[in-house]
Amino acid sequence: MDRLMVTVSGVRGTIGQSLTPLAACQFGLTFGTILGRGKTVVVGADTRPSGPMLRGAILSGLLATGVNVVDLGVASTPAIALATRRLRADGGIIITASHNPIEYNGIKFLQPTGTGLDAQGAADLKAVWEASGWTLADSLGQGRLTSDDTAAAAHVEAVCNAYDVAAIATKRFTVVVDSVNGAGCGETPMLLQRLGCRLIHINSQPHGLFAHPPEPVEENISELLQAVRDNHADVGFAQDADADRLAIVDETGRFIGEEYTLALAAGYALARRPGPVATNLVTSRMIDDVAAAAGARVVRAPTGEANVISALLAHGCVFAGEGGGGAIDPAVGLTRDSLVGIACLLGRLADTDASVSQLVDSIPRYVMRKTKMPCPLGAAEKVVALARSALACRPGATLNDADGLRVDLPGAWVAVRASNTEPILRIIAEAPDASTVDALVAQVTAIARTVIR
Ligand code: MG
């Protein structure tokens, strides 16, 4: 039996094992107790078959505390986040396990802004849940349940309002999208119709039976790569199951890597609205090059969407995102949004009259390595301390302790940190060439092996 993971990012577990209707109801009770009677929560889900079961249980818990619920049904994570803010709710809940396989589902809690809970909010939630400290309403105090089916259309409208739809539509792009039968199935065709595109939509049925593992990485999207070639498309897009992450395929059917989503999308946004960009400490330095070309600076925050959003708000950033295919435009919403990524990439193509591969070639190329290893509790701190002493003496080294350790060296960087959501240690490095990056990863891996045997 797996254990329910309760982290700053929310709750995640296996259906039929740890993530039961009882557990889901308890988290509804918990969130409702924290918000208090008379408050309003927006609830939506991705397309997983376990979504309705969890939604029923969560709604039960929320309503029993006297909290009113607006049920959005199936919608993407960015659409649910936007609805939370637009409907002036006191909180939101997204039922999704994002890019994880169908066996999993999860519960993500939102602030009224539509962004995830901060560290304090997550700690409060966990404390009330662990203590089973729920406050139940009496028969007259039960919450009201209403439904709202406007989330998808409002999301598409917000994206279209942020960009030059007419300029994109005149280009009549041919676009292939793989929505992995997830939450992007409904909203993405609506957006591409507005953008005047010819759409070839694969895995477009919102039944949640994923045609392949729903993480938009190269090994999962061979069908998309082939469809781009077969249809002589201008670009291909792969979404994850809740449609917040996006990967891009160039016009030759080549996967260009998830790190390019932020770099290319930011290039479009910064050309229209100059200003600083927020990202995390382990996102490719391509964003530094793109920002520098636009005369903008980059603010780096610890890993985690909530941290990046905090930095965005604190520094008045005009764009943000994370390296795993997540683009955030505060003009649309405070969450990663694959529709933002799609619109910005098409806008960049329209503005420049370049192909996707030409846009890729216009950004300096780096080699990035991301590795992970199982890591017992407490071991990460020891690895970080040893790595710090080993790397601090390298010529030109700059250390950043905000999230594990990141060491910038002339022309390269390496980071080592514990995952927020899993008992693993991540080692990530980037350099202009493979031998430099591999040597950095090998050095830190060897240090980690002295602690984790
Ligand atoms: Mg996701």
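Biologist: Let's start with strand β3, residues 40–45. How many of its residues are buried?

Modeller: In this predicted model, 5 of the 6 residues of β3 are buried, so the strand is largely enclosed by the rest of the structure. Buried here means under 20% relative accessible area, exposed is over 50%, and partly exposed is in between, with a 1.4 Å probe and protein chains only. Helices (H or I, at least four residues) and strands (E, at least two) are DSSP runs, numbered from the N terminus.

Biologist: Thanks! Which strands does β3 pair with?

Modeller: β3 pairs in the parallel sense with β4 (residues 68–74) over 6 bridges, and also in the parallel sense with β5 (residues 91–95) over 5 bridges. Two strands pair if DSSP finds at least two bridges between them. Val-43 sits opposite Asp-71 in β4, and Val-42 sits opposite Gly-92 in β5.

Biologist: How does the chain get from β3 to β4?

Modeller: The chain goes through helix α2 (residues 51–64), in a right-handed β-α-β crossover. Right-handed means that, with the strands pointing away from the viewer, the path from the first strand over the helix to the second runs clockwise.

Biologist: And what does the whole sheet look like?

Modeller: The sheet is open and mixed, with 7 strands in the order β1-β2-β6-β5-β3-β4-β7. Its edge strands, each pairing on one side only, are β1 (5–7) and β7 (145–147). From one strand to the next the twist averages 15°. Axes are lines fitted to C-alpha atoms, for helices over the stretch in contact, and angles run from 0 to 180 degrees between N-to-C directions.

Biologist: What is opposite Asp-71 in β7?

Modeller: That is Ser-147. β4 and β7 pair in the parallel sense over 3 bridges.

Biologist: Which strands does α2 lie across?

Modeller: α2 lies across β3, β4, β5, β6 and β7, at about 170° to β4. Helix α1 (residues 21–35) lies across β1, β2 (10–14), β3, β5 and β6, at about 5° to β6. Contact means heavy atoms within 4.5 Å.

Biologist: Switching to helices: at what angle do α5 and α7 cross?

Modeller: The axes of α5 (residues 151–162) and α7 (residues 184–194) cross at roughly 35° and come within 9 Å.

Biologist: Which α7 residues are buried?

Modeller: Gly-184, Cys-185, Glu-187, Thr-188, Leu-191 and Leu-192 are buried. Their cover includes α3 (77–86), α5, β8 (174–178), β9 (198–202), β10 (235–239) and α12 (338–352).

Biologist: What about the other sheet, the one with β16?

Modeller: That one is an open antiparallel sheet of 5 strands, ordered β16-β20-β19-β18-β17. The edge strands are β16 (367–374) and β17 (398–400), each pairing on one side only. β16 and β20 (residues 424–431) pair in the antiparallel sense over 8 bridges, and Met-368 has Glu-430 as its bridge partner in β20.

Biologist: Last one: is Ala-243 buried or exposed?

Modeller: Ala-243 is buried, at 0% relative accessibility. Its phi is positive, about 60°, although it is not a glycine. Ser-132 also has a positive phi, of about 50°, but Ser-132 counts as partly exposed at 42% relative accessibility.

Notes:
Residues are numbered from 1 along each chain as its sequence is written. This is a predicted model: local features need pLDDT of at least 70, side-chain atom pairs count only at pLDDT 80 or more; totals for chains, interfaces and linings use all residues. Side-chain values use heavy atoms; hydrogens and water are left out.
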